[in-house]
Amino acid sequence: MAAFRDFVADVLELEGAAVEPVEPDGLQLLAPDAIRKAMGWPELARLGFGAALPRDAIPIGLEGDWLERFGALLGQRGRWAERQLTLPASTAQLADPERVLDRALDLPNAVWRFHAVTATWTRCLLLTFRYTALSDEKREGLVWLGFNLGTGAVLDEVFERLRPSMRGDTGWQPPEPDIRIAAGPAWDAATLERRVRPLLDARVRDALSPFLRAMRARLERDRSRVHHYHDDLRAASLRRLAALDGADGDKAEAERRRETLRVAAIEREHLAKLDDLRHNYALRVTVDWVQALELYLPVQRIDVQVRRRKGERLIRLDWHRMARLTEPPPCDWGLGLDRVRLVCDDKLHLTEPAGQAACVSCGRAYCRACHPVACPRCATAVRSAD
Ligand SMILES: [Zn+2]
Ligand SMILES: [Zn+2]
């Protein structure tokens, strides 16, 4: 809980409180008006974070609504930040671009040729989202999306490598005006939406898949229990009815009527129970944007010529100096998370392999970047990238 206590101390100090640590595992503070109102504390308050509390302390934990109250106190601050990474002059440059490209590019139906490499700056965006999935149980978590706004690449591996250094301050500074210009413009809202939505969707699905699997297993188990229970009841009733077959008289007739009503009631109850289960297991997922970090990074931009049949096209990908890693090649269709790209005949689009696949209906192979909506031959609609 020490990290949580430090976080709370930072937030409260930012809000103008005078904060001092007290043992065991607590804080003592003199709270200004705004904090007293937001948190419901007296002017002089003691907070406790551990199992053992300081005398007269208010227990603060991750449970309850404390996180929400601290969030409300922070408001929109801390949602967006920008940093420039400055490397020491001695940091290695890219020595052998061809060798690096050999590992970075996998173009089964095209050839490539190294063209040029330039040292430059690029603007990258790291977005954090929180998801909450609610059905019979609840699951929460964070997902990160990273983009190189200069080349359009998705930067999973690059950010994985940068993350440890981002915890410290070394090398990170506010961006200088000329570097901001050199790094190129940010994406407009439409581009951001077009790129973020499918990737976010895939990430959240990925993150939730174990939760969904477990949920489906519980649903299946409950459904089969409900089914067996009602099936046994119904079978018993039907047996009693069969035994009455051929029996005459008022008594047999009354019993027959009673059993028939009972079978109908069992069937009704079965349907109602299935409805309850559907309700109980209905899944609701919400995703909220938490934070954006804009990063100005020194890169070496590699120009590569891609050739397919008679056509050729210049593509760019960045080698990130700090991460010492080439990003995945551009992708005109699909999420483009791995390195394999097929090249289309007409416009030399680079797509995920599925982007050049045969139509499910007429069997003709076509480029989903050229024809994003439907097959050009039979007009069967394109399936989504994931
Ligand atoms: Zn077709
Ligand atoms: Zn194409």
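Buried here means under 20% relative accessible area, exposed means over 50%, and partly exposed covers what falls in between (1.4 Å probe, protein chains only). The structure is a predicted model, where local features need pLDDT of at least 70, side-chain atom pairs count only at pLDDT 80 or more, and totals for chains, interfaces and linings use all residues. Residues are numbered from 1 along each chain as its sequence is written, chains are lettered from A and ligands numbered from 1 in the order in which they are written, and side-chain values use heavy atoms, with hydrogens and water left out.

Start with the zinc sites. Donors are N, O and S atoms within 2.8 Å of the metal (3.2 Å for Na, K and Ca), and with water not among the atoms, sites may look incomplete. The zinc ion (ligand 2) is held by C344 (SG), H349 (ND1), C367 (SG) and C370 (SG), at 2.1 to 2.3 Å. Its four donor atoms make angles of 101 to 113°, and the site is tetrahedral; for four donors, that label requires all angles to lie between 85 and 135 degrees. Along the chain, the spacing reads C-x4-H-x17-C-x2-C. C344 and C370 link distant parts of the chain, 26 residues apart: C344 is in the loop between β12 (342-343) and β13 (350-351), and C370 is in the segment after β13. Strands (E, at least two residues) and helices (H or I, at least four) are DSSP runs, numbered from the N terminus. C344 counts as buried because its relative accessibility is 2%.

C359 and C375, 16 residues apart, both sit in the segment after β13, and both are buried.

Next comes helix α4 (residues 97-104), whose buried residues are P97, V100, L101 and A104. These residues lie on the same side of α4 because they cover an arc of only 100° around the axis, the arc being that of the directions from the helix axis to the C-beta atoms. An α-helix has 3.6 residues a turn, so residues three or four places apart point the same way. On the other side of α4, R99, D102 and R103 are exposed.

Finally, L283 lies in the loop between α8 (250-281) and β9 (284-308). L283 is partly exposed, because its relative accessible area is 38%.

Notes. Tetrahedral: all angles 85-135°; square planar, octahedral: opposite > 155°, others 65-115°.
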